[in-house]
Amino acid sequence: MSDDKNFDRSALENALAELGRRAFAAGRTVEIVVYGGSALLLTLNRQINTGDVDAVFEGNRDFIKKLATEMAEEFGWDENWLNDGVKGWLSNRDADPDVKALFKTYPTEEQPGLRVYTARPEYLFAMKCRAMRVGGVETNSDIDDIKLLARAIGIKNSQDALTLVEKFYPQNVLQPKTRLGLEEIFSNLEIDPDKDQTPSSSSEP
């Protein structure tokens, strides 16, 4: 981690590798699924620093939490650097195998202590849109992520965006601000192509 205790791409990969080494040394191979800013950092090389890693690890929760706590104490990190607070944002489709992909095994395939899966861009896009904050999209720190994901997926208008979001979240769980926010985002998408690379911090899905 850097001095401000945020992960960049290198620090995040080092942390996952260390977690994998400790799991392998304990004779275990565990799995986590990474979402949010950390998933963007790993899969799309989003130029951000993220203060924590949003992940789900139900099958090995106690063991992984134990290792993460030990690492936090040893390296002076926040005790919640690896947390499962993202669970409240998951789609009912989260169990579908096609909404996630294996990213990497740590420390190596020959020493498989940790298998890291990431949510696919379509799922990350829907999750980001659902989590869109109230207050206007210009002050929403998720907007750059939504634009980046839209370009990666090939979405060019708000209707297609909303159709994709509704594949993961039914209309009754989406707030009106989601539709309004998407309309504003996509009205500005083509005239604002460079903001995707603006460094930022992220702790939301």
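## Surroundings of K100

In this predicted model, K100 touches V33, Y35, D94, T118, A119 and R120, leaving aside residues up to four places away in sequence. The residue lies in strand β5. Its relative accessibility is 18%, and because buried means under 20%, K100 counts as buried. A polar atom of the K100 side chain lies 2.7 Å from the backbone oxygen of D94, and D94 is also one of the residues that K100 touches.

## The five-stranded sheet

Five strands form an open sheet in the order β4-β3-β1-β6-β5, and their pairing is mixed. Strands β4 (82-83) and β5 (100-107) stand at the edges with a single partner strand each, so one side of each is left without a neighbour in the sheet. K100 therefore belongs to an edge strand, β5.

The strands β5 and β6 pair in the antiparallel sense over seven bridges. Together they form a hairpin, with four residues between the two strands. Within this pair, A101 stands opposite T118 in β6; T118 is also among the residues touched by K100.

Elsewhere in the sheet, strand β1 (residues 30-34) pairs with strand β3 (residues 53-56), again in the antiparallel sense, over two bridges. Here V33 stands opposite V56 in β3. V33 is also one of the contacts of K100. Strands of a sheet pair through backbone hydrogen bonds, in either a parallel or an antiparallel sense.

Helix α1 (residues 9-25) lies across β1, β3, β4, β5 and β6 (112-119).

The crossing of α1 past α3 is right-handed.

On the α1 side, the residues that meet α3 are A15, E18, L19, R22 and A23. Their counterparts in α3 are F63, L67, A68, E70, M71, E74 and F75. An α-helix has 3.6 residues a turn, so residues three or four places apart point the same way.

The buried residues of α4 are Y123, L124, F125, A126, M127, K128 and C129.

T50 is found in strand β2 (residues 49-50). With a relative accessibility of 1%, T50 counts as buried. A polar atom of the T50 side chain lies 3.1 Å from the backbone oxygen of D52.

## Overall organisation

The secondary structure of the protein comprises seven helices and seven strands. Along the sequence, these elements follow the pattern α-β-α-β-β-α-β-β-β-α-α-α-α-β.

Of the 205 residues in the protein, 48% are buried. Among contacts between residues at least 6 apart in sequence, 74% join residues at least 24 apart.

Definitions and conventions. Residues are numbered from 1 along each chain as its sequence is written. This is a predicted model: local features need pLDDT of at least 70, side-chain atom pairs count only at pLDDT 80 or more; totals for chains, interfaces and linings use all residues. Side-chain values use heavy atoms; hydrogens and water are left out. Two strands pair if DSSP finds at least two bridges between them. Contact means heavy atoms within 4.5 Å. Axes are lines fitted to C-alpha atoms, for helices over the stretch in contact, and angles run from 0 to 180 degrees between N-to-C directions. Buried means under 20% relative accessible area, exposed over 50%, partly exposed in between (1.4 Å probe, protein chains only). A polar contact is a pair of N or O atoms within 3.5 Å; within protein, one must be able to donate a hydrogen and the other to accept it, and residues adjacent in sequence count only if both atoms are side-chain atoms. A crossing is left-handed if the near helix is turned anticlockwise from the far one by less than a right angle, and right-handed if clockwise.
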